[in-house]
Structure formats: structure tokens, C-alpha cells
Number of protein chains: 2
Amino acid sequence: MTTPIRRRRSDGRAPAPTSGRLRVGVDIGGSKVAVLVVGEGDSVLARKSVPAASSEPDQAIAQIAAVIREAVGEAGATMADVAAIGLGVPGRVDAATGDVTFAVNLGWQHLPLGRRLEAALGVPCVVENDVRAAAVGLHRHEGYRGVDDLIYLGIGTGISAGVVLDGRLHRGVRGMAGEIGHVVLDPDGVSCACGLRGCFETIAAGAGIARAARTAVEAGESTILAATTDPTAVDVFAAAEAGDAVAARLVDRAAAAIARMVHELVLAYDVELVVIGGGISRAGAPLLDRIQAGLARIAAPSAFAAELLAETDVRLAGSDHDIGTRGAIALLDPLAKEVVAREAVG
Amino acid sequence: MTTPIRRRRSDGRAPAPTSGRLRVGVDIGGSKVAVLVVGEGDSVLARKSVPAASSEPDQAIAQIAAVIREAVGEAGATMADVAAIGLGVPGRVDAATGDVTFAVNLGWQHLPLGRRLEAALGVPCVVENDVRAAAVGLHRHEGYRGVDDLIYLGIGTGISAGVVLDGRLHRGVRGMAGEIGHVVLDPDGVSCACGLRGCFETIAAGAGIARAARTAVEAGESTILAATTDPTAVDVFAAAEAGDAVAARLVDRAAAAIARMVHELVLAYDVELVVIGGGISRAGAPLLDRIQAGLARIAAPSAFAAELLAETDVRLAGSDHDIGTRGAIALLDPLAKEVVAREAVG
């Protein structure tokens with residue numbers, strides 16, 4: 001499990017594998033960088049989190065390298081003890097080179113993150129999209145042993161899905177598999193940042209829920225959200241819990257869309273487990289109840305849908321804050337390496 | 001390529017592999033049974049087609065066995081020369097046992113088709129869903145060399161998709177992957193046989209188009225379809241070509257739904273090739289033009305959709321009548337065997 005990852009590099013050379021026994025997982029989010037350091041048997045040696053990575057590349061690399069060094073230091077070790085580092089990034093990643101092609105929420109474009117960090121830290125780095133990394137992490141997680149076909153549905157500011165089929169991460173030919181945030185659920189819906197109308201994201205992602213709340217307030221609807229300047233999705237969930245009818249309508253609409261997409265994903269991929277993560281999953285049981293109610297409404301008139309959904313385990317990732325970092329570490333698994341290798345020779 | 005397939009049988013024994021060099025592909029459709037016999041290098045030795053298989057199991061087995069024997073006879077050979085037989089069936093198939101669980105259009109339920117034919121013919125038989133078989137066939141077809149990620153979208157009476165990812169048939173945990181005929185595109189649409197409303201099938205499959213035509217005629221709309229008793233999808237396509245506005249509207253609606261589903265499938269799976277087959281594909285260029293127009297409408301406002309769709313090859317299977325039988329033969333390929341083996345030990 002601690003075999004260092006060797007990848008083809010654009011310069012043809014990979015850093016020499018270290019003899020280190022530690023592995024480091026880094027989850028780069030829109031608002032923070034989280035680091036997890038594990039030793040033998042995945043024992044957690046250190047956990048560290050700092051505010052957001054800079055949108056300025058040099059500064060971002062320096063920040064990320066620094067927090068990794070600090071976390072490794074807190075684990076009582078040095079970089080020489082680290083076998084490899086996995087990083088999850090919210091954006092489009094070339095898994096073969098470790099380059100971040102495009103990370104809209106971070107403001108990065110064509111940033112050779114993996115190579116820059118390898119140069120800075122002298123340790124092999126594997127970079128992958130954060131949602132895909134989380135899917136790999138869930139697959140390797142002891143809580144889901146025996147489940148080889150699962151989807152991690154990441155619902156935050158935007159939405160995308162990480163797909164594990166037959167135990168392997170499915171990236172697709174352009175590394176775009178699971179970009180289901182832009183499936184059009186309502187052709188007459190509001191316009192999406194992508195240019196289309198009524199994309200899944202516009203209904204169920206954080207930004208979409210916040211926008212719908214703003215629209216409701218501006219339309220003069222009677223809601224406690226009117227008292228909040230620029231209500232966020234978190235405000236909307238809180239208001240719905242407090243019994244606000246407008247907020248409840250928006251949450252129900254998001255939950256119904258999530259249920260519809262779960263049904264759609266199960267029809268398309270036939271997986272047995274769907275884990276809903278990302279910012280929205282912190283809404284917890286009230287959200288899951290509403291999603292389950294949406295699934296029940298789909299199953300009620302259809303024996304076919306009922307059979308399929310009854311056999312599908314739908315959960316919230318909830319408050320497990322290590323999903324991202326554990327997923328990044330899972331990228332270092334020899335099985336995950338296969339996928340990276342396929343990309344490299346493709 | 002002629003290695004006989006050995007599968008785990010419910011009785012624990014497989015027929016002894018023959019030394020035969022011929023392979024036979026059987027495409028069992030709602031209205032006919034087609035057989036293709038090939039020799040070395042996939043050379044076609046015989047091609048035969050007879051009217052529909054009976055819904056009565058004993059009669060169906062006898063019919064299918066008879067047409068296989070006849071086709072092999074026409075190839076100047078006997079069953080002893082046949083290495084293995086692949087069969088594609090429009091329904092739910094247990095690929096491990098070769099049993100047809102449920103084939104609604106054939107009226108079969110729990111028919112041990114593979115085992116019955118093995119007993120009757122003394123040759124190993126592999127049975128798979130017809131659309132999945134076609135997808136495997138396309139992947140092995142010389143016209144698509146180098147394409148390892150494709151979807152065969154079978155649009156006939158109903159709709160389902162056969163999915164090849166990274167060169168392997170993706171069946172899903174319950175063998176239901178690609179059952180996208182029941183993705184809800186219009187929650188307020190007409191009711192589907194599955195119990196839901198506005199499924200993709202109700203808009204784009206043959207039965208859905210025919211039903212919409214009937215509804216238009218009954219509503220007294222001005223259309224030449226009113227002159228036809230019980231117009232079929234074929235009648236609707238012909239009327240649209242003849243300039244009938246009502247028929248054109250129904251075809252456009254079906255084409256727009258197909259375009260929307262192609263976009264959705266490409267977002268979900270990120271394949272590079274989508275081949276549209278089944279009865280609808282015989283509508284040819286006029287249909288493909290309408291589907292391409294639908295894709296262009298999706299791409300127009302969205303750089304993201306435009307990029308993805310520009311790189312996706314969307315074709316009609318058209319008049320290649322061997323797709324089903326070649327697909328069935330492709331199931332005998334050692335690579336396809338892997339998938340069957342996975343099922344058998346799963």
C-alpha cells in the first residue's frame with residue numbers, strides 16, 4: 001500500500017521514490033486546504049487545515065507546500081519519510097501529468113500543480129479531480145467493503161459525480177465522466193453559468209439554491225430569508241428547518257432534483273451505492289429525508305423504479321471531513337495507479 | 001478467436017468444447033430470428049432469417065435450434081463444426097447462466113435459453129441482452145478500431161443503451177446499466193408502461209411515436225396520418241418526409257429528445273462514439289439531420305457542451321442488418337468472456 005507512484009512526466013523523469021512510509025492526502029477546496037498524514041495501516045498521524053489556496057499560482061504552490069511540510073512536521077517526520085502525496089482539486093485535471101487544466105473556483109488555468117509540488121517537495125505527487133478522488137476514497141473505505149460500483153455525488157457550489165465501476169475509477173475519454181451538473185432537468189429553467197438552461201446545478205447546487213432564494217426575496221415573497229443580506233444555501237436550509245415555507249419549497253425542489261438524478265444515475269450506471277457529499281451534505285438528516293421522499297415518489301407508480309431503487313443504498317457523506325483527504329491518499333493505492341497509467345499511455 | 005467459451009453452469013458442467021472453427025451469432029428480435037455463421041477471419045459463410053420466435057418456450061427453442069441448424073447446413077457444415085453460439089435477446093438476461101429472466105416483447109419469463117439450446121445443439125451458448133451484444137459487436141468492428149468507449153443506443157419499440165467503457169461491456173451490478181429508456185425527460189408527459197411519466201421511451205421509441213400520432217389524429221389535427229389505420233412510427237417518419245406538419249413535429253420532438261439524451265450520456269459516461277440503432281435508425285439521413293440539429297441547439301449557447309459534443313461522433317447504425325448477429329458473435333470473443341466470467345463468479 002505504500003508503493004510510491006511512478007508516472008510518466010512531461011520531462012520524462014519522475015522523482016526517485018523515497019523509502020518513506022508516510023502518505024499524505026491533500027484536499028484543495030474553494031475555501032481551504034486540508035491535509036491528512038497517515039502511516040502504516042492508514043493510521044492518522046496528523047491533520048491540518050488552512051484557509052484557501054491563492055488564485056496566484058506561485059503563492060498557491062508555496063502555501064500548499066508549506067501546509068504539507070507543517071502537517072508532516074506535526075506527524076513527527078520530515079519529507080524524506082513521505083512516500084507520495086495525493087491531491088484532490090475541484091477542477092479539470094490531466095491525471096497523466098498532474099496538471100490542473102482549469103479550476104474555475106480557484107482561478108487556476110494550466111497550472112502544473114503536480115510537477116511544481118514534486119519539484120518543491122521532492123516527493124511524487126498524484127493529482128486528480130477532488131470528486132473523483134473522493135469516489136476512489138469511498139471505494140477503499142472500510143465502511144463500504146465489497147461495494148465495487150458506486151457514485152460519489154459532490155454537491156457544493158457546483159455539482160459533479162465521481163464514478164467507480166467494477167472497482168475502477170471511470171474517468172471517460174476526456175476525463176469528463178460524471179459531469180452531470182450540466183444535465184438539463186428543466187429546459188425552461190433559469191440560465192446556468194455553462195450557457196444552458198435548467199441544468200441540475202441551477203436547481204440543486206449551493207449557488208443555485210442561493211440564487212433562487214435571492215429571486216424569491218426580490219419577488220417580495222414572504223420569507224425570513226428577506227432579513228438576510230445575500231442568503232446562502234446554508235441560510236436556506238436553516239430557514240427551511242425553522243419552518244419557513246419559501247425556504248422549504250426551495251429545499252424540496254433541490255431534494256426532488258437530487259432524487260431524480262439519483263434515479264437517472266442508477267438507470268445509466270446501475271451502481272449499488274450513491275453517496276451524496278459536498279457542502280450540501282452538511283444539511284444532514286432533514287435533507288436526506290427529503291431526498292428519500294423524492295425517491296419514494298419516483299418508486300411509487302413504477303415497479304421497475306421501485307425494484308432498482310430499493311436495491312440502491314443512498315447516503316449522505318455527512319460530517320466525515322476526511323473524505324477529501326482520504327480520497328486523495330487513495331489515489332496512491334496501486335489499484336488507482338492502473339487508472340493513472342492508462343491515462344499516461346492513452 | 002475461436003476459443004470455445006466455458007461458463008459455470010447451474011448443473012456444474014459445460015458442454016465439452018468442440019473442435020469446430022465456425023461461430024454462430026443469433027439475433028432474436030420481436031419479429032424475426034436472424035442467424036449469421038462465420039468462419040476463419042470472420043468470413044461470412046451463411047446468413048438466414050425467419051419470422052419471430054414463438055412466445056411458447058418449447059416451440060421457441062425448437063424454432064431457434066432449427067434455424068441455427070439450417071444456417072450451419074447452408075454454410076456446408078454440421079453442428080460438430082461449430083465452436084460456440086452467441087445469442088442476443090431483447091430483454092433481461094442472466095449472462096452467467098444464459099437464462100432469459102424477462103423478455104417482455106417475446107413473452108418469455110425465466111427461460112433457460114442458453115442451457116436449453118446447449119442441450120439441443122451440443123454446443124456452448126452465450127446469451128446476452130441484444131443491445132449490449134450490439135455494443136460489444138460495434139467495439140470489435142473494424143469500422144470503429146481504436147474506439148474503446150462507446151454507446152450503442154438501441155431505439156426500437158423500447159429504448160436501452162449498450163455501454164462499452166475502456167473496451168469492456170459495462171453491465172452494472174444488476175445487469176441494468178444503460179436502461180435509460182426510463183429516464184424521465186418530461187415529468188408532466190404521458191404515462192409510460194413502466195408507471196412513470198414522460199420517460200425517454202414515451203417520446204422517442206417506436207411505440208411512443210405511434211401513440212403520439214394516434215393522439216394527434218384523435219384530437220382531430222390536420223395530418224395525412226388520419227388516413228392510416230393505427231399509424232406506426234414508420235408511417236410517421238414517411239409522413240414527415242412527405243411534408244406533413246404534424247408528423248414533422250413528432251419526429252422533431254423525438255429527435256430533440258434523442259439529442260438531449262446523447263448530451264446526457266456523453267456528460268455521464270464521457271464516451272467518444274454514440275451509435276443509434278434499432279428500428280428508428282432505418283429512418284436514415286433525415287432523422288440524423290434532425291438529431292444533429294438538436295445537438296447544435298444544445299451546443300449553441302454553451303462552450304462546454306459545444307466542446308464535448310464536437311468531439312463526440314454521433315452516427316446512425318442505419319441499414320447494417322448484421323449488427324445484431326455480429327454482436328452476438330462478438331460475445332464469443334475472449335475479451336467478452338471476461339465480463340461473463342465476472343458475472344459467473346459474482
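A: In this predicted model, helix α1(B) and helix α2(B) cross in a right-handed way. Helix α1 covers residues 57-74 of chain B and helix α2 covers residues 113-121 of chain B. The two pack at an angle of about 55°, and their axes are 10 Å apart. That angle makes α1(B) oblique to α2(B).

The contact can be followed residue by residue. On the side of α1(B), the residues involved are Asp58(B), Ile61(B), Ile64(B), Ala65(B), Ile68(B) and Arg69(B). They meet Leu113(B), Arg116(B), Leu117(B), Ala120(B) and Leu121(B) in α2(B). By type, the residues of this contact divide into eight nonpolar, three charged and no polar.

Next comes burial within α2(B). Here Leu113(B), Gly114(B), Leu117(B), Glu118(B) and Leu121(B) are buried. Looking down the axis of α2(B), these buried residues fall within an arc of 125°, so they line one face of the helix. Helix α1 is one of the elements that the buried residues of α2(B) pack against. The others in chain B are the strands β1 (22-28), β4 (82-89), β6 (99-103), β7 (108-111) and β8 (125-129). Leu113(B), Leu117(B) and Leu121(B) are among the buried residues of α2(B), and they also take part in the contact with α1(B). Just after α2(B) comes Gly122(B), which has a positive phi of about 70°.

Another helix pair in chain B can be set beside this one. Helix α6 (residues 233-241) and helix α7 (residues 245-269) of chain B have axes that come within 7 Å and cross at roughly 115°. The crossing of α6(B) with α7(B) is left-handed. In α6(B), Val236(B), Phe237(B), Ala239(B) and Ala240(B) make the contact, and in α7(B) they meet Ala247(B), Ala248(B), Leu250(B) and Val251(B). The residues of this contact divide into eight nonpolar, no polar and no charged.

Finally, one residue in a loop. His170(B) sits between β11 (168-169) and α4 (200-204) of chain B. Its relative accessibility is 8%, so His170(B) counts as buried, the cut-off being under 20%. Apart from neighbours within four places in sequence, His170(B) has contacts in chain A with Asp149(A), Leu165(A) and Tyr269(A). In chain B, His170(B) is in contact with Arg132(B), Val163(B), Leu165(B), Ala177(B) and Tyr269(B).

How values were computed: Residues are numbered from 1 along each chain as its sequence is written. Chains are lettered from A and ligands numbered from 1 in the order in which they are written. This is a predicted model: local features need pLDDT of at least 70, side-chain atom pairs count only at pLDDT 80 or more; totals for chains, interfaces and linings use all residues. Side-chain values use heavy atoms; hydrogens and water are left out. Axes are lines fitted to C-alpha atoms, for helices over the stretch in contact, and angles run from 0 to 180 degrees between N-to-C directions. Helices (H or I, at least four residues) and strands (E, at least two) are DSSP runs, numbered from the N terminus. Angles under 35 degrees count as roughly parallel, over 145 as roughly antiparallel, 65 to 115 as roughly perpendicular and the rest as oblique. A crossing is left-handed if the near helix is turned anticlockwise from the far one by less than a right angle, and right-handed if clockwise. Contact means heavy atoms within 4.5 Å. Ala, Val, Leu, Ile, Met, Phe, Trp, Tyr, Cys and Pro count as nonpolar, Asp, Glu, Lys and Arg as charged, and the others, Gly among them, as polar. Buried means under 20% relative accessible area, exposed over 50%, partly exposed in between (1.4 Å probe, protein chains only). The arc is that of the directions from the helix axis to the C-beta atoms.
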